[in-house]
Structure formats: C-alpha cells, structure tokens
Amino acid sequence: MRAVCLIPARLASSRLPQKLLQTIGQKSIIEHTYLNALKFDIFHKVAVVTDSIKIQKVINDIGGEVIYKPLNYECGTDRVADVVDLFDGEIIFNIQGDEPFLSKSCIMDMLNEFKDDSNDDIDIVSSMVLFEDGREIENPNNVKVVTDIYSNALYFSRSVIPYRRGKTGFNAFYKHQGVYGFRKATLQDLKDRPRSPLENEEKIEAIGFLEIGMKIRMVINNTNTIGIDTPEDLIRAREFYQKINKRLS
C-alpha cells in the first residue's frame, strides 16, 4: 500500500507568530517535522505544501521537496487536497507542520488500519493521545475526541468531552493530534467542500468530516508528543528536545 506524506505549512499564526520558522535547537519547527517524516522510511514521497517563500527556501535549502501555493485555505486539509492529484499514492498522510515529534509507530498503526480494512469502510484514520496532565483537559487549545467502542470518532471539541457530571472515576480523556491518513479518493472528495455549522463553531476541521458522514478511525498513540500552537508549547518542545539529546549523547 503506497503512502505519501504531505505537510501543510502556513506561515501566519495568531498565537505564535511565524510559528513554523521558530527554532528548536538549530532547526526550525518545519525542518524538524519534515525530516522526522522522512526518516520513518514509510512514505513513497514526503513534501511540504506552503504559502510562504520563507518556508519554501528553508525546505529547498535542506534538499527537500516543497510546493509553493500562495492561496488562502480554510485549513491544512484544503491545502493538501489542492495538490493531491500531483502524487501517486493510495493513502495520503497529512501531518501538520507543527508536529515535529510524531513517532514512526503511530504512523505504522494508522497505516495498518487501512491495510486491515478489507471492505474499505474507513475514510480517514487519525491519532489521539491520553491526557497525562489533568489541567490540559480544560485548555481549549487542546482538541478533545470521543469514540465509539470500535474506536471510530463520535465527536471532537475544544470543550471537555465527555462532560464530567460527577465523581464516576472516568479518566479516559483523549487529545486529538494533528495527523490524518486519507484514502486518496476521500481527500479528492473533500476538495472545495462547504464548511459545516459545527465545524465553523468550534474551528475543528475533523467535525466537518463527521458532519458529511465520513468514518474516522482513531488510533491511540502511546508516545505522547507536543503539538506546537502557543509560546508555552514552544518552551515545552525545546525542553523536550534537550532531554532527547541528553539521552542520545
């Protein structure tokens, strides 16, 4: 099963200006994300899709593949969907440019869901991680997800879901991560789709996929990562990177 990785990389960011050009160690965030995906040795092709000449130059300078599309897209999936016809692959992975620490095992687990889906029932596979810090559950920057008993997504929200009505002992709260696997045909169908009411309300693209009836299979990522959205996330990412380097040195 041939898989391609496309990394949408928008320069503008309200919570962390020019986020993807911020550095962790000696490299920018977008470099880390691109090189991390490349080293998995899973993908037939890895490419960055960006609206920024600055990001284009960064990827060109390291010999990477990059597509410059200076258009205003609603979300990363729209950016990827616009160029998907240029790539030959059955499965298209969309890894957000601010996810530099994703693990190979997570991507393999996602790809295996497609391989095991002999009836092609699954449209999209995505990743979630168990919250380790209870305070982070309340943070609206962290998108939460709940699933059915078969690990298919029921809903995503910036609010705490499920609602904690009492002291039931329930503690399986999951954070949605910025990585998707699409069947190529699914991604082509999503191009130029209208925005749904709930998606507009929460500003979460995955809700829009559910609202048009797509099945999203969720995979638990047992390796916690740091998606970088805020200055506080960047501090944590730099500390995490330093710890990794100390262990390897």
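Start by selecting Ile29, Ile30, Glu31, His32, Thr33, Tyr34, Asn36 and Ala37: these are the buried residues of helix α1. The model on screen is a predicted one. Now widen the selection to residues 29–39, the whole of α1. Eight of its 11 residues are buried, and the helix is mostly covered. An α-helix has 3.6 residues a turn, so residues three or four places apart point the same way. Keep that in mind while turning the view.

Next, go past the end of the helix. Asp41 follows α1, and its phi is positive, near 60°.

Then move to the strands. Select residues 216–220, which form strand β11. Is this strand enclosed or open? Four of its five residues are buried, so β11 is largely enclosed by the rest of the structure.

The last stop is helix α7. Select residues 205–211 and find Gly208 within this helix. Is Gly208 buried or exposed? Its relative accessibility is 1%, and buried means under 20%, so Gly208 counts as buried.

Which residues does Gly208 touch, leaving out those up to four places away in sequence? Show Arg193, Ser196 and Glu199 to see them. Finally, draw a distance from the C-alpha of Gly208 to that of Pro197: the two are 8.2 Å apart in space and 11 residues apart in sequence.

Conventions
Residues are numbered from 1 along each chain as its sequence is written. This is a predicted model: local features need pLDDT of at least 70, side-chain atom pairs count only at pLDDT 80 or more; totals for chains, interfaces and linings use all residues. Side-chain values use heavy atoms; hydrogens and water are left out. Helices (H or I, at least four residues) and strands (E, at least two) are DSSP runs, numbered from the N terminus. Buried means under 20% relative accessible area, exposed over 50%, partly exposed in between (1.4 Å probe, protein chains only). Contact means heavy atoms within 4.5 Å.
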